[in-house]
Each structure stands twice: as C-alpha cells, then as structure tokens.
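This report describes selected local features of a protein model. Please examine the sequence and the structure shown below before reading on.

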Amino acid sequence: MPAPRSKPFLAWEPLPYLVVFVLLLLTGVVRPDGPPWLLWPFLAILAAAVAWLILGLVRGSRRSNPDQWGDLTTLDGLEIVDAPRVDREVRAVAPVADAHRHQPAIELARLHGGPEQHAVLVPRASRWLSRRYRIGVQLAGGDRPRHAGFLSPAADDRWRDLLDGMREHGRYVRVPALITGGSRPYGVELDLSGLERVGAAGE
C-alpha cells in the first residue's frame with residue numbers, strides 16, 4: 001500500500017483553531033436573543049469546537065518520539081537500521097531541503113558531532129501549517145538528534161514507501177551525512193546509496 005502523501009484533513013493541527021475562529025465571528029450574527037432553534041445548536045457546535053481545540057492542545061503537549069511533526073528527542077528506544085555508504089565510482093549525494101530554516105540546529109549538530117556524522121530519516125514528518133507529509137532529516141551527532149530539514153522532493157518520491165513501511169514496524173534508517181560549509185549558511189548532504197540494500201534485505 002502506497003504511503004500517504006498528506007495528513008487527513010481532520011488531523012491537520014490548525015483546523016480546530018480555524019473552526020473556532022469562524023464560529024466566534026458568527027457570534028456577531030447569532031445573538032443571545034435569537035430564535036432558540038438557531039441559538040442552542042450554535043452554542044452546542046461552539047462548545048464542541050472548543051473541546052476539540054483543547055483536546056488537540058493536550059494531545060500536542062504529550063511527549064512522543066518521534067512527535068506529531070516527526071522530530072526526535074532521543075534515539076533511545078528506537079530500532080535503528082544502518083544504511084552505510086556503498087562504494088561507487090561516482091559518489092551520489094542528496095541535499096537536504098529547507099536546511100536554511102534550521103541553521104541553529106545544524107550548527108549545534110556540527111559543534112557536537114563534527115561535519116561528518118549520521119542522520120536518521122523520519123517519514124510522515126511535516127511543518128506545523130502544512131498537511132503535506134515529508135521525510136524529516138534528524139542529525140544524530142552529539143548529545144541528541146537535531147532537525148536539519150527534509151529529503152529533497154526527488155529523494156522523497158523514491159524512498160517514501162520503503163521508509164514508511166519500516167516506520168510502521170517501528171524501524172528508522174540511519175544514513176551517512178555531511179554538513180557542508182565552515183560557517184552559516186550550512187548545507188547538509190546525505191549519502192542514500194545504502195538504502196537500496198536496506199530495501200532488498202526487507203523484501
């Protein structure tokens with residue numbers, strides 16, 4: 001079964017805020033002295049929307065690893081599958097997208113783990129305002145994982161089904177990573193050549 005490309009609409013984090021906002025705007029139309037057949041159903045819907053919002057806030061405050069956006073707090077307790085570099089005449093690397101948004105985290109990872117380290121690939125990661133699922137890149141050098149961005153669209157399309165299938169069994173792949181540049185802006189390059197062997201071993 002192909003991996004999903006986006007979150008279900010009802011699981012999209014901003015949706016409860018939008019619903020409550022729209023209902024609050026409608027309070028200017030639905031007045032307390034309005035007809036009961038309109039007022040009471042509206043109040044019931046508003047109360048349900050507020051409860052939905054509070055439930056989402058409580059659920060978002062609970063610690064999970066990875067969390068609902070695909071960020072890792074630790075590698076402890078996770079089953080990590082290594083995909084080491086495969087020697088080839090031409091070395092193929094995949095640049096990490098959105099690295100410019102995560103420069104402080106990349107700098108800390110470089111400080112604690114050096115320019116050459118490993119990264120854990122986390123499927124079904126996303127940004128808060130986006131419904132789109134992406135494959136998150138968590139630099140694993142140093143004291144804890146740090147979010148560096150996402151796989152490029154081409155690499156995401158190629159490896160999404162494999163990585164998502166492993167995630168369903170609680171397994172996450174670790175690949176070689178290189179932090180490029182001596183100062184900001186840093187880039188991150190991944191060697192994904194070992195993923196072919198991981199995929200073949202899982203078949």
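The model is predicted. Helix H3 is followed by Gly114, whose phi is positive, near 85 degrees. The helix itself covers residues 103-113, and its buried residues are Gln103, Ile106 and Ala109. Seen down the axis of H3, these buried residues fall within an arc of 125 degrees, so they line one face of the helix. As a general rule, an α-helix has 3.6 residues a turn, so residues three or four places apart point the same way.

Asp98 is found in the loop between strand E2 (94-97) and H3, and Asp98 is buried, with a relative accessible area of 15%. Arg124, by contrast, belongs to strand E3 and counts as partly exposed, at 22% relative accessibility. Arg124 also lies over the face of Tyr133, at 6.0 Å from the ring centre.

| Peptide bond | Omega |
|---|---|
| Asn65 to Pro66, cis | about 0 degrees |
| Arg184 to Pro185, cis | near 0 degrees |

Pro66 lies in the loop between helix H2 (36-61) and strand E1 (79-82), while Pro185 is found in the loop between E6 and E7. Finally, the structure holds 1 aromatic pair.

Note on methods:
Residues numbered from 1 in each chain as written. Predicted model: local features only at pLDDT ≥ 70, side-chain atom pairs only at ≥ 80, totals over all residues. Heavy atoms only, no water. Phe/Tyr/Trp six-rings, centres within 6.5 Å; stacked < 30°, edge-to-face > 60°. Lys NZ or Arg CZ within 6 Å of the ring centre and 35° of its normal. Buried < 20%, exposed > 50% of the residue type's maximum accessible area, 1.4 Å probe, protein only. Helix = DSSP H or I, 4+ residues; strand = E, 2+ residues; numbered from the N terminus. Arc of directions from axis to C-beta.
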